[in-house]
Amino acid sequence: MSKPVVLLAEELSPATIEALGPDFEIRQTDGADRSQLLSAIEDVDAILVRSATKVDAEAIAAAKNLKVIARAGVGLDNVDIKAATQAGVMVVNAPTSNIVSAAELTVGHILSLARHIPQASAALKDGEWKRSKYTGIELFEKKIGIIGLGRIGALVAARLQGFDTEILAFDPYITSARAAQLGVKLVTLDELLAQSDFITIHMPKTPETVGMLGADAFRKMKSTAYVINVARGGLVDEEALYTALQDRQIAGAAVDVFVQEPSTDLPFFKLDNVVVTPHLGASTDEAQEKAGVSVAKSVRLALAGELVPDAVNVAGGVIAPDVRPGIPLIEKLGRIFTALTHASVTQIDVEVAGEIAALDVKVLELAALKGIFADVVTEQVSYVNAPVIAEQRGINVRLITSPEAEDYRNVLTLRGALSDGSQISVAGTLTGPKQVQKLVGVNGYDVEIPISEHLVVVSYADRPGVIGTIGHILGMNNINIGGMQVARNAEGGQVLALLTIDSSVPQQVLEAIKAGIGAEMVREVDLED
């Protein structure tokens with residue numbers, strides 16, 4: 001029998017090829033050359049890429065035998081995940097390959113800011129001996145604020161404690177017990193901004209976190225504070241940063257990632273209180289080696305039909321046909337669950353009720369956690385690292401099955417306990433021959449509404465005129481309602497309204513709705529790929 005074909009579309013290390021082993025036919029091509037790629041990919045079983053090869057819908061359609069796309073790195077901007085999923089092609093990456101490198105670069109930037117190392121080096125190379133100009137500060141007993149205490153944030157905290165610093169952290173998804181284990185003090189975002197001498201952000205890029213450090217945040221900081229971003233371009237508002245730096249509202253900044261890349265001429269590049277690097281977070285020999293070896297192992301597992309730790313879109317291994325449609329549904333339920341949380345989660349129950357409960361549904365627990373953490377952490381969440389992320393955050397997870405489901409053949413429910421003593425729940429099902437994904441329960445309210453890319457959840461006290469006000473505010477902002485359902489626990493009691501929207505709703509519009517109707521909660525869930 002012929003061996004499966006693995007195409008290396010970019011230069012990868014000998015260790016990567018060694019990790020693939022002798023069971024595959026290895027071919028090579030220049031993935032950056034479009035014509036070469038489309039020709040070479042036609043009959044391959046797997047393709048390994050870095051960042052220069054664009055594996056889009058056209059390339060996936062041309063690859064008739066393709067089973068796996070492996071990105072030797074973290075980002076997946078050059079891979080069309082939706083097209084791959086529709087074609088049944090697994091996408092894998094190396095989500096943890098760069099975490100040490102990124103954490104160390106963060107510490108390097110902090111030290112560079114504290115001691116003006118890049119500026120002093122450049123001046124001396126220009127023949128200028130300026131000791132007094134580049135007098136710096138010690139990290140000893142300084143307060144370091146970490147926004148986002150995921151894997152990289154936790155590594156940064158561990159490394160900076162060696163400098164005898166006090167670590168403050170803001171992360172609404174971390175329990176106080178987990179923070180204590182890390183030797184970190186949990187504070188509110190405003191407290192962190194006001195007290196920290198150095199502020200480093202390690203959040204995922206979502207509609208809620210874009211521009212998280214902007215003009216308002218800079219106004220709350222000390223004039224002696226420094227800001228560091230090696231996470232995602234756009235988390236720091238670049239225009240507001242330039243103003244804050246130019247006006248000496250803050251002392252300085254170090255930036256490794258930008259809204260548009262490559263960027264070589266942003267206004268703040270010219271300021272003397274800025275250190276910039278060209279997206280070097282993963283640019284170490286060790287990170288590159290780890291990435292290649294990691295995806296090579298994933299390719300081996302995938303082509304052998306086994307569960308793949310770093311599968312981004314589908315789980316490997318044998319999954320019952322009746323269970324498989326529930327995977328994307330419960331991932332979306334996980335993202336809705338996260339959007340509705342208002343405190344850190346301590347317990348998550350994944351409940352599977354109905355006919356499929358008799359089958360192996362472990363993958364639904366993994367998919368639920370993948371969805372719950374997708375918009376929470378900076379790293380790519382997979383079916384295997386999702387339980388690890390839950391464990392790191394001190395969250396207990398249970399899978400509960402029942403053969404009985406009221407009203408539907410099968411119902412998937414996520415139920416969570418929060419640190420403030422409250423509970424949240426979301427439930428969904430698949431209906432009809434087309435297996436339409438529907439939301440059928442939120443926080444104890446019975447509903448039935450198709451899940452759309454943009455969903456708004458509103459909770460308020462029952463009274464006349466509220467629906468009209470919501471519609472008016474959305475209409476005034478040219479936002480169209482696709483569907484709506486209202487449920488209440490009693491006449492004159494609390495009401496839950498669910499709206500499917502044709503486009504994303506700006507934060508200021510959500511705030512206008514909340515103020516306009518005196519709502520207890522107004523949340524948007526953005527499920528757009």
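Figure 1. The structure shown here and in the following views is a predicted model. Of the 25 residues lining the second largest pocket, Val 411, Thr 413, Ala 427, Val 440 and Asp 446 are the closest to its centre. Six strands each supply at least two residues of this lining: strand 13, strand 14 (396-402), strand 15 (410-418), strand 16 (423-431), strand 17 (436-442) and strand 18 (445-450). By class, the lining of the pocket comprises twelve nonpolar, seven polar and six charged residues.

**Figure 2. Asn 443 occupies the loop between strand 17 and strand 18.** Most residues other than glycine have a negative phi. Asn 443, although not a glycine, has a positive phi of about 50°. The two strands that flank this loop, strand 17 and strand 18, are among the elements that each give at least two residues to the lining of the second largest pocket.

**Figure 3. The largest cavity holds about 60 Å³ of space.** Rolling a probe the size of a water molecule over the atoms shows where empty space is left. The structure contains two cavities of 30 Å³ or more. The lining of the largest cavity is formed by Tyr 173, Thr 338, Thr 341, Val 345, Ile 348, Ile 372, Phe 373, Val 376 and Ile 395. Strand 13 (345-354) and helix 14 (362-374) are the elements that contribute two or more residues to this lining. Seven residues of the lining are nonpolar and two are polar, while no charged residue takes part.

**Figure 4. Helix 14 and helix 15 (residues 385-392) cross at roughly 60°, and their axes come within 8 Å.** This angle makes helix 14 oblique to helix 15. The crossing of helix 14 past helix 15 is left-handed. Helix 14 contributes Leu 366, Leu 369, Lys 370 and Phe 373 to the contact, and helix 15 contributes Ala 386, Pro 387, Ile 389 and Ala 390. The residues of this contact divide into seven nonpolar, no polar and one charged. Phe 373 of helix 14, which takes part in the contact, is also one of the residues lining the largest cavity.

**Figure 5. The second largest cavity holds about 50 Å³ of space.** Asn 229, Gly 234, Val 236, Glu 238, Leu 241, Val 255, Val 257, Phe 258 and Phe 268 line this cavity. By class, its lining has six nonpolar, two polar and one charged residues.

**Figure 6. A cis peptide bond joins Glu 261 and Pro 262.** Most peptide bonds are trans. For the bond between Glu 261 and Pro 262, omega is about 0°. Pro 262 is located in the loop between strand 11 (252-255) and strand 12 (274-276).

**Figure 7. Helix 16 (residues 466-476) packs with helix 17 (residues 507-517) at an angle of about 155°.** Two packed helices are described by the angle between their axes and the distance between the axes. The axes of helix 16 and helix 17 lie 10 Å apart. The angle of about 155° makes helix 16 roughly antiparallel to helix 17. Helix 16 passes helix 17 in a right-handed crossing. In the contact, Val 466, Thr 469, Ile 470, Ile 473 and Leu 474 of helix 16 meet Val 509, Ala 512, Ile 513, Gly 516 and Ile 517 of helix 17. Eight residues of this contact are nonpolar and two are polar, with no charged residues.

Definitions and conventions:
Residues numbered from 1 in each chain as written. Predicted model: local features only at pLDDT ≥ 70, side-chain atom pairs only at ≥ 80, totals over all residues. Heavy atoms only, no water. 1 Å grid on protein atoms, 1.4 Å probe; cavity = no way out; pocket = protein on both sides within 12 Å on 5 of 7 lines; lining within 4 Å. Points joined across faces, edges and corners; volume = space filled by probe spheres on them. Helix = DSSP H or I, 4+ residues; strand = E, 2+ residues; numbered from the N terminus. Nonpolar A, V, L, I, M, F, W, Y, C, P; charged D, E, K, R; others polar. Axes fitted to C-alpha atoms, helices over the stretch in contact; angles between N-to-C directions. Parallel < 35°, antiparallel > 145°, perpendicular 65-115°, else oblique. Left-handed = near helix turned anticlockwise from the far one by under 90°. Contact = heavy atoms within 4.5 Å.
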